[in-house]
Amino acid sequence: MTVVNVAEELSVLIQDVDTVVVTVCCQDPTLDVCCDAAGRTSVGKPEFPGLIDHHYCTGSRFYRNQYKLDPHSLLLLCPVERTLTWFGLTSLVPPAGCNNLDGGCGIFASDPDAYEVFKEVLHPVIKDYHKVAEIKHTKPDFGDFNNLGFGDLDPSGEFIVSTRVRVGRSHASYGFPPVVNAEERKEMEKISVDALNSLEGELKGTYYSLETMTPEENQQLIDDHFMFKNDDRFLRDAWVYKDWPINRGIFFNHNKTFLCWVNEEDHLRLISMQKGGDLAAAIQDMEKKLTFAHHDQLGYLTFCPTNLGTTCRASVHIKIPKLAAEPDFKEFCDKLNLQSRGTYGWYTENVGGVYDISNKRRLGLSEIEAIQEMRRGVEEIIRREKALQGK
């Protein structure tokens, strides 16, 4: 790996290279670099939307910190073999990390094959985030969803507002949001809804298209913490919201204990709400009809490297006004392998002292282990909140 000055050395280094991967430190807004699949470069402000699968670029905050790049330098990894896959030219997605330097991970994969093609770039990021020494994942194990132990966490209902468990799934034969076109998104919606409509028993429900629901219906689902939105700046800069709201929607059963988001950040987000929604059964039924992207070492694959392996996020909405006001709140959560978010997700404010607390690690452990890691962490959070309240 070589750190070089853009103006002086870039053109010399790439003249004998078919393709290059560039990580740009974008604190200088005039210093964006784009390399196309033939190795040609442009310095300035390239227009990324469009044929972005023809660019091998990444904007990873991890690499900028790891190699201590200054604002006028870049990291070149070259040569990189030009790789033609089922998806075309496999690539990485840059602007989210370049434009949002406060993110936990500034790099995304454009399709499932990118995790293998760009493993030299992605694997260090994955190991750092998931706190694993090697890239290795275990077999799925959801345990007993009727015996998770959450009911004993807060029997008085004083702290925990709601509990949910969700997993992400990607269709094996499609790219991720930045490289999917309108026709492919339409196809994914159809095969997803067909599979969801075949669910029976307590999972049986109805699909609601974001295109056809009224603004009032949409807002009510948002207020109930069921529906996704299109206001996340990280996802916006990663081109997740192309053609919004076309071919996107939500499926839920009659009791709203099982939900599925279609074509948001992930192709599918399957969600089990508190006291219902057999997530394991739903996934098993869906896998009979759909083929999901999977890697022997990384487990299930999704758009973001932070959400691999189990892709399992167990979370609680919990009232912790005293603890959240402590200066070491984030560090406290980090030590427990937990993430804290605002009431409505990443980079949102809390409402009434309610925070979204979830497990951080999703690779290298089973689904039930990830869920129980969250449960143990929440027990510590409640103990700390009670102590701060003098209880």
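Buried means under 20% relative accessible area, exposed means over 50%, and partly exposed lies in between, with a 1.4 Å probe and protein chains only. The model is predicted, so local features need pLDDT of at least 70 and side-chain atom pairs count only at pLDDT 80 or more, while totals for chains, interfaces and linings use all residues. Residues are numbered from 1 along each chain as its sequence is written, and side-chain values use heavy atoms, with hydrogens and water left out.

View 1. Helices (H or I, at least four residues) and strands (E, at least two) are DSSP runs numbered from the N terminus. The protein has 391 residues, and 57% of them count as buried. A contact means heavy atoms within 4.5 Å. Among contacts with a separation of 6 or more, 71% join residues 24 or more positions apart.

**View 2. Pro321 in helix 10.** Helix 10 covers residues 321–324. Pro321 counts as partly exposed because its relative accessibility is 44%. Leaving aside neighbours within four places in sequence, Pro321 is in contact with Gly353 and Glu385. Leu388 is 67 residues from Pro321 in sequence, and the two C-alpha atoms are 9.7 Å apart in space.

**View 3. Ser209 in strand 12.** Strand 12 covers residues 205–209. With a relative accessibility of 14%, Ser209 counts as buried. Residues up to four places away in sequence not being counted, Ser209 touches Glu189, Arg248 and Gly249.

**View 4. Strand 15, which is mostly covered.** Strand 15 spans residues 268–273, and six of its six residues are buried. On one side are Leu268, Leu270 and Ser272, and on the other Arg269, Ile271 and Met273; both faces are covered.

**View 5. The pairing of strand 15 with strand 11 and strand 14.** Two strands pair if DSSP finds at least two bridges between them. Strand 11 (residues 160–169) pairs with strand 15 in the antiparallel sense over six bridges, and Arg164 stands opposite Met273 of strand 15. Strand 14 (residues 258–262) is also antiparallel to strand 15, over five bridges. Leu259 has Ile271 in strand 15 as its bridge partner. Strand 14 and strand 15 form a hairpin with five residues between them. In the turn, Asn263 has a positive phi of about 65°.
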